[in-house]
Amino acid sequence: MLRIFWAELAKDLLLAFRRRGDLLNPLLFFAMVIALFPLGVSPAADFLTQLAPGVLWVCALLAALLSLDNLFKSDYEDGTLEQLLLSSESTYMVAIAKSLAHWLTTGLPLTLLAPLFAMMLFLPTDAIPVLVISLLLGTPTLSMIGAIAAALTVGLKKGGMLISLLVLPLYIPVLIFGASAVQASVQQLPVNAYFAILGAMLALSIVLAPFAISASLRISVSN
Amino acid sequence: MATTKKQIMPKWFYLMASPKGCYQITGKLLPTFSVLSILLLAIGLVWALLFAPQDYQQGNSFRIIYIHVPAAILAQSIYFTMAIAGAIAIVWNMKVADMVAYSCAPIGASMALIALFTGAIWGKPTWGTWWEWDARLTSMLILLFLYFGVMALYSAMDKPETAGKAAAILSIVGLVNIPIIKYSVDWWNTLHQSATFKLTEKPAMPAEMWLPLLIMVLGFYCFFAVNLMMRLRNEILRREKRASWIKDVIN
């Protein structure tokens, strides 16, 4: 069980590392979309402070979303996915490993980069640790839920737009609590409850999502 | 030697699982439900719009509740129906359940749309705004998005069998998410009044007001049943067009 988990994780990370350009794309997207807000709405500092929690969270969410399309695609196209499903190894573990690899290559770098953009959006310094923790707890949930939609659409030629349609409604709770945590810390309110709920959603998605992911992969491969 | 399993449920229950049996049984049920839904909706509408007393604050504008609340209730129950039918289709590989789930999606989406639309009309005179980012409005909007997702997935896949299974998984994932979405949005913002009907409590309005509402809800359910059966029968004809019994039905 654990052997396949580590093997799959190592393989995916290695593949991601070999294509370093793709690794950078979500981060660049994150940076550019954030730069659009001061340009498009207003560069006033007090206004951006108010906007920052939501903007940072929405941009992180979109960046994670747009990288979902490639999650299973290459494995599906070269037949690796079919072999994985045919083998006696646990698809549950494969699903977790793949989602974790997705998080390590998108969610985690985004989280580490977020403080920089938080400064540019004049988020108060006290709120930055809260932003980082909320992203650390929230982005893996986004990867787990997103992997379901990626698995459902992997067999389709034009899956990209469809993934967003399927997954955005499911992302809303994470967005609400993630952004509210940062908002609360800007207003100097306690944030532990938000962290607890983000953690609960993460635990729930780690336990349940792999079932949906592996069932969806089986359907997509049999198509 | 093949052994026959003991049948626990009545025979029609097993017949429902085959497209042919389902087509025949729904054909028999359809007239009854059509009459019932027309009667209930007619009685409910006339009673609600002409005879139910005015609200002491909202006057006549509250009467839109008789469309708004049934549509909102239906939008949620249809999602449950769809997800449960989808689960049955996956677990037992049952064609008819898959077609039920498929037929549910557009009906549920239109109910959610009606609920949102009538809510907007009602919101203007009472809250002074067409739209408010309130918890219940937002969660109904998200429910509508979930329906759209399921329908988009159906139309994106070529084979109806795989499309059905994929959409079923999505609707089950959505079902797990509905309470989470509901509570997260509730926590986030609330302006809307709480639910009109609760199973455990007596309604907060007088009987002359909630009785027509109850009739309207039942009428909407019957209307849903009629609509579902008609869509289901069309879907059976479409997917089973190569089966020999279809020829007898058409000729």
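Let's start with chain B: eight helices and zero strands. Helices here are DSSP runs of H or I with at least four residues, strands are E runs of at least two, and both are numbered from the N terminus. Along the sequence, chain B reads α-α-α-α-α-α-α-α.

Some ground rules. This is a predicted model, where local features need pLDDT of at least 70, side-chain atom pairs count only at pLDDT 80 or more, and totals for chains, interfaces and linings use all residues. Residues are numbered from 1 along each chain as its sequence is written, with chains lettered from A and ligands numbered from 1 in the order in which they are written.

Back to chain B. Its C-alpha atoms fill a box of roughly 70 × 40 × 35 Å along the principal axes. Of its 251 residues, 37% count as buried. Buried means 20 or more other C-beta atoms within 10 Å of the residue's own; 12 or fewer is exposed, in between is partly exposed, and C-beta atoms are placed from the backbone. Take contacts in chain B between residues at least 6 apart in sequence: 77% join residues at least 24 apart. Contact means C-beta atoms, placed from the backbone, within 7 Å.

Now confidence, for chain A. pLDDT is the predictor's confidence in each residue, from 0 to 100. The mean for chain A is 89, and 100% of its residues reach 70 or more.

Next, the interface. Chain B puts in 23 residues and chain A 20. On the chain B side, helix 6 gives the most, with 13 residues. That side divides into 17 nonpolar, four polar and two charged. Nonpolar is Ala, Val, Leu, Ile, Met, Phe, Trp, Tyr, Cys and Pro; charged is Asp, Glu, Lys and Arg; the others, Gly among them, are polar.

Then A:V174, in helix 8 of chain A (residues 160-186). Buried or exposed? A:V174 is buried, because 26 other C-beta atoms lie within 10 Å. Beyond its neighbours within four places in sequence, A:V174 contacts A:G138, A:T141, A:L142 and A:M201.

Most residues other than glycine have a negative phi. A:F122 has phi near 60 degrees, a positive value. A:F122 sits in the loop between helix 6 and helix 7 of chain A, and counts as partly exposed with 17 C-beta neighbours inside 10 Å. A:Q188 also has a positive phi, about 60 degrees. A:Q188 lies in the loop between helix 8 and helix 9 of chain A, and is exposed, with 10 other C-beta atoms within 10 Å.

Conventions: Contact = placed C-beta atoms within 7 Å.
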